Amino acid sequence: MNRFLAGIEARAYRIAWYATGNRDDALELVQEAMLTLVRRYGGHRADDWPALFHTILQSRIRDWYRREKVRSRLRVWFGRGDEDEEDPLAAFPADPAGEPERRMEDGQTLGAIDRAVRALPLRQQQAFLLRAWEGLDTAQTAAAMGISAGSVKTHYSRAVQALREQLEEHRHE
């Protein structure tokens with residue numbers, strides 16, 4: 001279980017961060033999902049853990065959105081605006097190897113990918129990340145997201161199309 005959690009932690013954080021846009025909330029969601037997996041499903045087969053984990057994480061993200069909706073109403077009521085969050089990509093050190101122009105171009109491409117994924121509607125974003133990044137099949141993704149397999153295919157297809165359009169200038173031949 002420890003090896004599985006260590007292997008999925010960074011990707012799960014990124015999924016949660018894309019969904020929330022907030023570093024602390026993303027970390028909390030991943031931690032809650034991991035604890036729930038260990039407590040409730042630690043005795044299950046290791047092959048079942050990825051789908052179970054992502055189902056739990058998706059549930060936590062949906063709960064976060066519900067709570068955030070209430071919080072945003074309270075912020076409006078009390079006249080508080082949203083605070084800017086730091087960019088988690090800024091915490092990663094630059095690659096010391098390579099030419100400065102190439103590093104700059106890679107940084108711009110990474111930033112463009114990051115913005116494009118965050119700009120996707122939540123369902124498309126999550127379907128894309130679970131299918132392309134986590135390697136879950138359509139049925140596992142559908143179970144994790146609580147939607148039909150057909151909806152997963154639709155959301156994934158739309159996400160891929162939107163990303164292709166937004167990232168066309170960054171494609172290397």
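**Surface, rings and charges**

Modeller: The protein exposes about 11100 Å², and 50% of that area is supplied by carbon and sulfur atoms; accessible areas come from the Shrake-Rupley method with a 1.4 Å probe, and for residues only the protein chains shown count as cover. This is a predicted model, in which local features need pLDDT of at least 70 and side-chain atom pairs count only at pLDDT 80 or more, while totals for chains, interfaces and linings use all residues. Residues are numbered from 1 along each chain as its sequence is written, and side-chain values use heavy atoms, with hydrogens and water left out.

Colleague: What percentage of the residues is buried?

Modeller: Of the 173 residues in the protein, 36% are buried. Buried means under 20% relative accessible area, exposed means over 50%, and partly exposed lies in between (1.4 Å probe, protein chains only).

Colleague: And how many helices and strands are there?

Modeller: There are seven helices and zero strands, which gives the pattern α-α-α-α-α-α-α along the sequence. Both kinds of element are DSSP runs numbered from the N terminus: helices are H or I with at least four residues, strands are E with at least two.

Colleague: What share of the contacts comes from residues 24 or more positions apart?

Modeller: Among contacts with a separation of 6 or more, such residues account for 66%. A contact means heavy atoms within 4.5 Å.

Colleague: Turning to the rings, how many aromatic pairs are there?

Modeller: Six aromatic pairs are found. Rings of Phe, Tyr and Trp (its six-membered ring) pair if their centres lie within 6.5 Å; planes under 30 degrees apart count as stacked, over 60 as edge-to-face and the rest as tilted. One of the pairs is phenylalanine 4 with phenylalanine 53: the centres are 6.3 Å apart and the planes are at 80°, so this pair is edge-to-face.

Colleague: Which helices hold those two?

Modeller: Phenylalanine 4 is in helix H1 (residues 2-20) and phenylalanine 53 is in helix H3 (residues 49-78), so the pair ties together parts that are 49 residues apart in sequence. Phenylalanine 4 and phenylalanine 53 are both buried. Phe4 and Phe53 also form one aromatic cluster with Trp49.

Colleague: How are the rings of tryptophan 64 and tyrosine 65 arranged?

Modeller: Their centres are 5.0 Å apart and their planes at 85°, so the pair is edge-to-face. Tryptophan 64 is buried at 6% relative accessibility, whereas tyrosine 65 is partly exposed at 33%.

Colleague: Which ring does the charged end of arginine 131 sit over?

Modeller: The ring is that of tyrosine 156, with the charged end 5.4 Å from its centre. The rule requires NZ of Lys or CZ of Arg within 6 Å of the ring centre and within 35 degrees of the ring normal.

Colleague: Lastly, how many salt bridges does the search find?

Modeller: The whole structure contains six salt bridges, each a side-chain nitrogen of Lys or Arg within 4 Å of a carboxyl oxygen of Asp or Glu. One of them joins aspartate 114 to arginine 118, with the closest N and O atoms 3.5 Å apart.

Colleague: Where do aspartate 114 and arginine 118 lie?

Modeller: Both are in helix H4 (residues 100-119), four residues apart, about one turn of the helix. Aspartate 114 is buried at 4% relative accessibility, and arginine 118 is partly exposed at 37%.
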